[in-house]
Amino acid sequence: MTKYDFTTLPNRLTHHTYKWKETETDPEIIPAWIADMDFNVIPEVREAVIGYADQMVYGYTYASDSLYQSILDWEKEEHGYSFDKEAVVFIEGVVPAISTAIQAFTKEGDAVLINTPVYPPFARSVRLNNRRLIENSLVKVNGHFEIDFEQLERDIVENDVKLYVFCSPHNPGGRVWTKEELTKVADLCQKHGVLLISDEIHQDLALYGNKHISMNTISDAYKDFTLVLSSATKTFNIAGTKNSFTIIENEDLRKAFKQKQLANNQHE
């Protein structure tokens, strides 16, 4: 079995990294504010980067069949989620994917819902796209966050919410949502005609016996209104490579998403 090094602390002060920027001028600051792990990448990642560099030509490329297959295999083996290659849409980040979805599926002034607290770019993406931000607050029960589903439904109905950006597993609350909770979220969206964006970028980081469940594995019906977002960047600490993918099984939604992506010059 391969052993990996999680004890060596690399010196990142010369890497122009956002996380340690302020420490360059004040060594007393210990940064803990961004999802960027202070471990060296695993040898397999380093070898892949070196192999690419050794090509000696860095021109325009397209996604290889092996890249698609890696995603298909990983999602199936790790999370029990099987889907066709055509459902995968590559984009440079989960946050750009959220903005693209907001632009593709809502109009200016439409209501977009998020749970709070949540990763700050969720709210920023809604506001910068001139949509109406609806904040549904998570409630703390026995030391962990839960969703108040009665309030959630009121927020959806009273504000005529068009799109729900949902974080699963939750950042920063650390919740790995249960199947029952996920089902309630999706059923409310289905009941009220809300498009669901499920940001699952932290899917591989579940701890203490918790198991991530991808939204579209619960019911085939959810695939008609749900976009699943993910990436290898959090799992393998390669955020600087700017890569992610969107799984859109509904053909009409996928077409609309890709049209807006192209309009933004976010080429696959």
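Of its 41 lining residues, Ala35, Asp36, Lys234, Ala239 and Gly240 are the closest to the centre, a lining residue being one with an atom within 4 Å of a point. The elements that contribute two or more residues to this lining are α3 (94–105), α4 (121–128) and α7, with helices (H or I, at least four residues) and strands (E, at least two) taken as DSSP runs and numbered from the N terminus. By class, the lining of the second largest pocket divides into 19 nonpolar, 14 polar and 8 charged residues; Ala, Val, Leu, Ile, Met, Phe, Trp, Tyr, Cys and Pro count as nonpolar, Asp, Glu, Lys and Arg as charged, and the others, Gly among them, as polar.

The model is predicted, so that local features need pLDDT of at least 70 and side-chain atom pairs count only at pLDDT 80 or more, whereas totals for chains, interfaces and linings use all residues. Residues are numbered from 1 along each chain as its sequence is written, and side-chain values use heavy atoms, with hydrogens and water left out.

The largest pocket has a volume of about 1,500 Å³, and of the 38 residues that line it, Leu67, Phe90, Ala232, Ile238 and Asn243 are the closest to its centre. Two or more lining residues come from each of α1 (43–53), α2 (65–79), β1 (88–91), α7 (233–236) and β9 (244–247), and the largest share, 7 residues, is that of α2. The lining of the largest pocket comprises 18 nonpolar, 14 polar and 6 charged residues.

α3 and α4 pack at an angle of about 35°, with their axes 10 Å apart; the axes are lines fitted to C-alpha atoms, for helices over the stretch in contact, and angles run from 0 to 180 degrees between N-to-C directions. Their crossing is right-handed, the near helix being turned clockwise from the far one by less than a right angle. The contact (heavy atoms within 4.5 Å) is made by Val95, Ile98, Ser99 and Ile102 of α3 and Pro121, Phe122, Arg124, Ser125 and Val126 of α4, a set with 6 nonpolar, 2 polar and 1 charged residues.

With α8 (residues 251–263), α3 packs at an angle of about 110°, the axes lying 9 Å apart. That makes α3 roughly perpendicular to α8, a description that covers angles of 65 to 115 degrees. The residues in contact are Ala97, Thr100, Ala101, Gln103, Ala104 and Phe105 of α3 and Leu253, Ala256, Phe257, Lys260 and Gln261 of α8, of which 7 are nonpolar, 3 polar and 1 charged.

The axes of α5 (residues 149–159) and α6 (residues 179–192) come within 11 Å and cross at roughly 25°. That makes α5 roughly parallel to α6, as angles under 35 degrees are counted, and the crossing of α5 and α6 is right-handed. Phe149, Leu152, Glu153, Ile156 and Val157 of α5 meet Glu181, Lys184, Val185, Leu188, Lys191 and His192 of α6, and this contact has 6 nonpolar, 1 polar and 4 charged residues.

The loops hold the remaining backbone features. In the loop between β2 (111–116) and α4 lies Pro117, and the peptide bond from Thr116 to Pro117 is cis, with omega near 0°. The peptide bond from Ser168 to Pro169 is also cis, with omega near -5°, and Pro169 is found in the loop between β6 (161–167) and α6. Asn130, in the loop between α4 and β3 (132–137), has phi near 60°, a positive value in a residue other than glycine.

Notes:
Parallel < 35°, antiparallel > 145°, perpendicular 65-115°, else oblique. 1 Å grid on protein atoms, 1.4 Å probe; cavity = no way out; pocket = protein on both sides within 12 Å on 5 of 7 lines; lining within 4 Å. Points joined across faces, edges and corners; volume = space filled by probe spheres on them.
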